[in-house]
Amino acid sequence: MSTEAGAVINGGFAFLDAGRVLHVLGDQNKDTEAAAGKVVKFDGQHAYGYPVIPAGQDYEQLVITVHEDGNLTEKFEQDIPAHVRTLTAQL
């Protein structure tokens, strides 16, 4: 999903929801009540609850599912950056 650059935030907190979908939000205390487990610091960019990657003048949201076996899938078949793959191993 395309996201405007003005919505992008640097850094936050990452967690998996009950469906094992990765979310990244800005405030650990207020925003992570949907976490199904561990919450870890995220140093990358995110918007509207998901990590993002640059796509021209805008950004693309990554909707990533972390499977029980550790494999990752992205809903729109976007490449998952290495820093996000590393992060998911911590969850």
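Me: Asp43 and Lys41, buried or exposed?
Reply: Both Asp43 and Lys41 are exposed. Bear in mind that this is a predicted model.

Me: What does Asp43 form with Lys41?
Reply: A salt bridge, in which the closest N and O atoms are 3.8 Å apart.

Me: How many salt bridges does the count come to?
Reply: Two. In one of them, the side chains of Glu68 and Arg20 meet, at 3.7 Å from N to O.

Me: Where do Glu68 and Arg20 lie?
Reply: Glu68 is in the loop between strand E7 (64-66) and strand E8 (72-74), while Arg20 is in the loop between E2 and strand E3 (22-25). The pair therefore ties together parts that are 48 residues apart in sequence.

Me: And accessibility, what does Glu68 count as?
Reply: Exposed, because its relative accessibility is 70% and the cut-off for exposed is over 50%. Arg20 counts as partly exposed, at 24% relative accessibility.

Me: Changing topic to strands. How many bridges join E2 to E4?
Reply: Six bridges join E2 (residues 9-16) to E4 (residues 39-47), and the two strands run antiparallel. Among the paired residues, Asn10 has Gln45 as its bridge partner in E4.

Me: Which way do E4 and E5 run, parallel or antiparallel?
Reply: Antiparallel, with two bridges joining E4 to E5 (residues 50-55). Ala47 stands opposite Tyr50 in E5.

Me: What do E4 and E5 form, and how many residues are between them?
Reply: They form a hairpin with two residues between the strands. Tyr48, in the turn, has a positive phi of about 55°.

Terms used. Residues numbered from 1 in each chain as written. Predicted model: local features only at pLDDT ≥ 70, side-chain atom pairs only at ≥ 80, totals over all residues. Heavy atoms only, no water. Pairing = 2+ DSSP bridges. Helix = DSSP H or I, 4+ residues; strand = E, 2+ residues; numbered from the N terminus. Salt bridge = Lys/Arg side-chain N within 4 Å of Asp/Glu carboxyl O. Buried < 20%, exposed > 50% of the residue type's maximum accessible area, 1.4 Å probe, protein only.
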